[in-house]
Amino acid sequence: MKLGRLNHVGVATRSIADSVVHYRETMGASIVGEPFDLPAQGVKVCFIDTPNSQIELIEPLGDNSPVMKFLEKNPLGGQHHVCFEVEDIEAARAHFEKIGKRILGPTRTGAHGTPIFFLHPKDMEGVLTEIMESPQQAH
Ligand code: CO
């Protein structure tokens, strides 16, 4: 297991459209992706670029969205998870399993089209942690 770059910080919101206005007008963001649905995860997603990372806005998609529960506890929305890259997702998963960290569900395809999984915040210093295989860079 080797910790890679911080890929993004996930931020829950009731409205991606409203949050995009906030990041553009209040925070001065200029690079904002197109929102898209991730039905398998029950979320709509939109990435805001910062010079060294990204904010992943996540809005509930459907009534069973896990983000809906988060918004019930945190009506204003807010920081939901952090996502770190690793070179080898299977090796990372084996590492966390070996040391007894609870993994939430199977490894699946994340918002960047690479494999991801989530780790239980109670085993991760209170932080819901997403582990993502680094996208292959074109050479
Ligand atoms: Co994420």
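Q: How are the donor residues of the cobalt ion spaced in sequence?
A: In this predicted model, the donor residues of the cobalt ion follow the spacing H-x47-E-x24-H-x48-E along the sequence. Two of them, E56 in strand 4 (residues 54-60) and E130 in strand 8 (residues 129-133), are 74 residues apart, and this pair links distant parts of the chain.

Q: What makes H8, E56, H81 and E130 donors of the cobalt ion?
A: The protein donors are H8 (NE2), E56 (OE), H81 (NE2) and E130 (OE), lying 2.0 to 2.1 Å from the cobalt ion. A donor has to be an N, O or S atom within 2.8 Å of the metal, so these atoms qualify.

Q: Why is the site of the cobalt ion called irregular?
A: The angles among the four donor atoms run from 85 to 174°.

Q: What makes the pair E97 and R93 a salt bridge, and where do both lie?
A: Their side chains meet at 3.4 Å, N to O, which is within the 4 Å limit, so this pair also counts as a salt bridge. Both residues lie in helix 3 (residues 89-98), four residues apart, about one turn of the helix. R93, at 16% relative accessibility, counts as buried, whereas E97, with a relative accessible area of 47%, is partly exposed.

Q: How do you know that D123 forms a salt bridge with R102?
A: The closest N and O atoms of D123 and R102 are 2.8 Å apart, and because the limit is 4 Å, the pair is a salt bridge. The pair links distant parts of the chain, with D123 in the loop between strand 7 and strand 8 and R102 in the loop between helix 3 and strand 6 (103-109), 21 residues apart. D123 is buried, with a relative accessible area of 17%, while R102 counts as partly exposed at 42%. A search of the whole structure finds three salt bridges.

Q: Why does E133 have no salt bridge?
A: The nearest side chain of opposite charge, R93, is 12 Å away, and a salt bridge requires atoms within 4 Å, so buried E133 has none. The side chain of E133, a residue of strand 8, does reach the backbone nitrogen of I89 at 2.7 Å.

Q: Why is E125 called exposed, and what is its phi?
A: Exposed means over 50% relative accessible area, and E125 has 81%, so E125 is called exposed. E125 lies in the loop between strand 7 (115-119) and strand 8, and its phi is near 60°, a positive value in a residue other than glycine. Most residues other than glycine have a negative phi.

Note on methods: Residues are numbered from 1 along each chain as its sequence is written. This is a predicted model: local features need pLDDT of at least 70, side-chain atom pairs count only at pLDDT 80 or more; totals for chains, interfaces and linings use all residues. Side-chain values use heavy atoms; hydrogens and water are left out. Donors are N, O and S atoms within 2.8 Å of the metal (3.2 Å for Na, K and Ca); water is not among the atoms, so sites may look incomplete. Four donors count as tetrahedral if all angles lie between 85 and 135 degrees; four count as square planar and six as octahedral if opposite donors are over 155 degrees apart and all others between 65 and 115; anything else is irregular. Helices (H or I, at least four residues) and strands (E, at least two) are DSSP runs, numbered from the N terminus. Buried means under 20% relative accessible area, exposed over 50%, partly exposed in between (1.4 Å probe, protein chains only). Lys and Arg count as positive and Asp and Glu as negative; His and the chain ends are not counted. A polar contact is a pair of N or O atoms within 3.5 Å; within protein, one must be able to donate a hydrogen and the other to accept it, and residues adjacent in sequence count only if both atoms are side-chain atoms.
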